[in-house]
Amino acid sequence: MKHVSFNSLCFCFFFFCSVFQFNRVSSQNGTERAAVPPRGWNSYNSFSWIISEEEYLKNAEVVANRLKSKGYEYVVVDYLWYRRNVPGAYADSLGFDVIDEWGRMVPDPSRWPSSQGGKGFTEVAKKVHDMGLKFGIHVMRGISTQAVNANTPILDISKGSAYEESGRKWFASDIGDKSRTCGWMKNGFMSVNMDSGASKAFLRSLYQQYADWGVDFVKLDCVFGDDLDLPQISFVSDVLKQLDRPIFFSLSPGKTATPAMAKDVSGLVNMYRITGDDWDNWKDLVFHFNITRDFSAANMIGSTGLLGKSWPDSDMLPFGWLTDPAANEGPHRTTNLSVDEQRTQMTLWCMAKSPIMYGGDLRNIDDATFSLITNPTLLEINSFSSNNMEFLKVASTKVSHSQEKIVKWHSRNMVASVSPILGLTKCSDSDAAGWVTESLNRGLQKICWKANPKHKYETPFCVYKRGSQLAIYKEAASGHDQGDVCLDATQQRKRSSEEFRRGSFFPCRRHENQKWELYSNGTLGNQQSGECAIVKQNDEGIESGVRSWIATGRGGEVYVALFNLNKEKTEISVKISDLAEALPGKGLGQPSCKYREEWSGKEFGVMSGSTIAAPLQTHASALFTINCS
């Protein structure tokens, strides 16, 4: 591709019972798999990649003793269980992994001592099964770079020896595609050529080994969203169908995932992430409102999946005692989400019927968090509700304390403010072309995004290059130096839901991930990462306003959730007549209808007015249960 060189440009979330019985993943030849959204615990938010066998089993014991009766059954080891936790090792380091003679990842014996002697996860899985739980692991796409560099032979499980085809033995370097590395772990893993018999033999040997270990749940990463690898997903799905052991199939991550993309994979899997990583901040949480709305509207909730159903996954719940993204340390801080924000996240996840995977360290779970994640009304909604959808006919009354006045509007008709978001995407994305340049005075060059303007008075988003200095300013310098900050394409960790939409500016280090070139087709690319800068408009107002979701229960009840996304206290209301129109046949509006609100515990008795309303503090939610029987 021809390009114009610019001296290495730098940019730098009614029903009470004590025991929940769920028929989830059953035998290969029997009951529907994933009949309801799965529920369990995942190690990532609390331990990053460094969790040990002892720490894992202690958390599993809490699940067994306190959460199993509430439907929590999967206990999942997240990524890099095969990486040695030694100096120099981190999320995207190379050369620290433990592999067997066939290039397959095996547990790090220093962290997982029961794996010694070639046992893998067999002993850990047995202990989990003895607790009445199911054992899950995180795995990556394709084959590891370490196996390719070591050029290990490929195992043919049908023969128990090296795979042979066309008169020769096949090795890792024959199947690894170095041009298709994982976007967020480029040093770790790469795709394999799915047209190759050797690649298929390698993947069969992987998943057979997982089944032999006693694995019940596989979370396959770097194959969906931005990193979509449909051929591998399809093949792994077929392999899982053929195994003697049922294995629940999950995909991750979901950066830029769309309902259209999900329709291609939902029938092959049991759950799939629809966002990037979700961490404990409001921007990550609020991003899920539009995404869950879109997947609900596309009828993807509980659609046909692998030997059963599949579920759009909004990611783990980052509550309680946590670590930091891609950190080399375990839990050391409490969640940054307020109590109201945690309730909002749990309510949205359950109304959208997302899988519920708790992410905090269960050894230190507090009573309030435990009460939240075991709330019987929410868990009933999550498992057994239907007609789950965002409800658009919602009004709000914003209370301004400083001016002591009230402003009213219908939230979904309000004009959202328009602001540009600088993000990164694949350079093959046709939407990435839209950059132009012009020269200014005093050696200043301006590079602006002018593609696909949606708003008449939109001001172009621009970055600036001064002379030969390898720095791009987020704003034009106005007679003084604002300091060098560069757009950085480094992906040393999985990006969160919020981060994948925005470019990250860091102090200039002059490394390859901060070198950008403007190509003649209008793309602004970083050769090292293979990504291009793109500007989108934050024109949906997702960080403010109000939202509502509705659903129906298996006992005929109606659930109404109200969400305040504003920074100010807001009263939110819905009309009973509008609810009756959206959910016909539920008897809404009848004199016999009674309702209660979950978080306040208030019983309102018979509905006497024409609306349901709740005054909500910043980022708070309300959950009403209406019974008209």
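User: Which residue in E3 does Gly40 stand opposite?
Analyst: Gly40 stands opposite Tyr74. Keep in mind that this is a predicted model.

User: How do E2 and E3 run, and how many bridges join them?
Analyst: E2 (residues 39–42) and E3 (residues 74–77) run parallel, and three bridges join them.

User: What is the strand order in the open sheet of nine strands?
Analyst: The order is E15-E16-E14-E13-E12-E4-E3-E2-E19, and the pairing is mixed.

User: Which strands stand at the edges there?
Analyst: Strand E15 (303–305) and strand E19 (356–358). Each has a single partner strand, so one side of each is left without a neighbour in the sheet.

User: By how much are neighbouring strands of this sheet turned against each other?
Analyst: By 30° on average, with direction ignored.

User: Which strands does H2 touch when it packs on the sheet?
Analyst: H2 touches E2, E3 and E4, and its direction makes about 165° with that of E3.

User: Now H3. Which of its residues are buried?
Analyst: In helix H3 (residues 122–130), the buried residues are Val124, Ala125 and Val128. Seen down the axis of H3, they fall within an arc of 95°, so they line one face of the helix.

User: What do the buried residues of H3 pack against?
Analyst: They pack against helix H2 (53–67), strand E4 (134–140) and helix H6 (197–213).

User: Next topic. What is the order in the open sheet of six strands?
Analyst: That order is E20-E33-E34-E39-E36-E37, with antiparallel pairing. Strand E20 (386–390) and strand E37 (603–606) stand at the edges. Each of these has a single partner strand, so one side is left without a neighbour in the sheet.

User: How many bridges pair E20 with E33?
Analyst: Three, in the antiparallel sense, with E33 covering residues 546–552. Within E33, Ile550 is the bridge partner of Met389.

User: Which strands does H13 lie across?
Analyst: Helix H13 (residues 376–384) lies across E20, E34 and E39, and runs at about 75° to E39.

Technical notes. Residues numbered from 1 in each chain as written. Predicted model: local features only at pLDDT ≥ 70, side-chain atom pairs only at ≥ 80, totals over all residues. Heavy atoms only, no water. Buried < 20%, exposed > 50% of the residue type's maximum accessible area, 1.4 Å probe, protein only. Helix = DSSP H or I, 4+ residues; strand = E, 2+ residues; numbered from the N terminus. Arc of directions from axis to C-beta. Contact = heavy atoms within 4.5 Å. Pairing = 2+ DSSP bridges. Axes fitted to C-alpha atoms, helices over the stretch in contact; angles between N-to-C directions.
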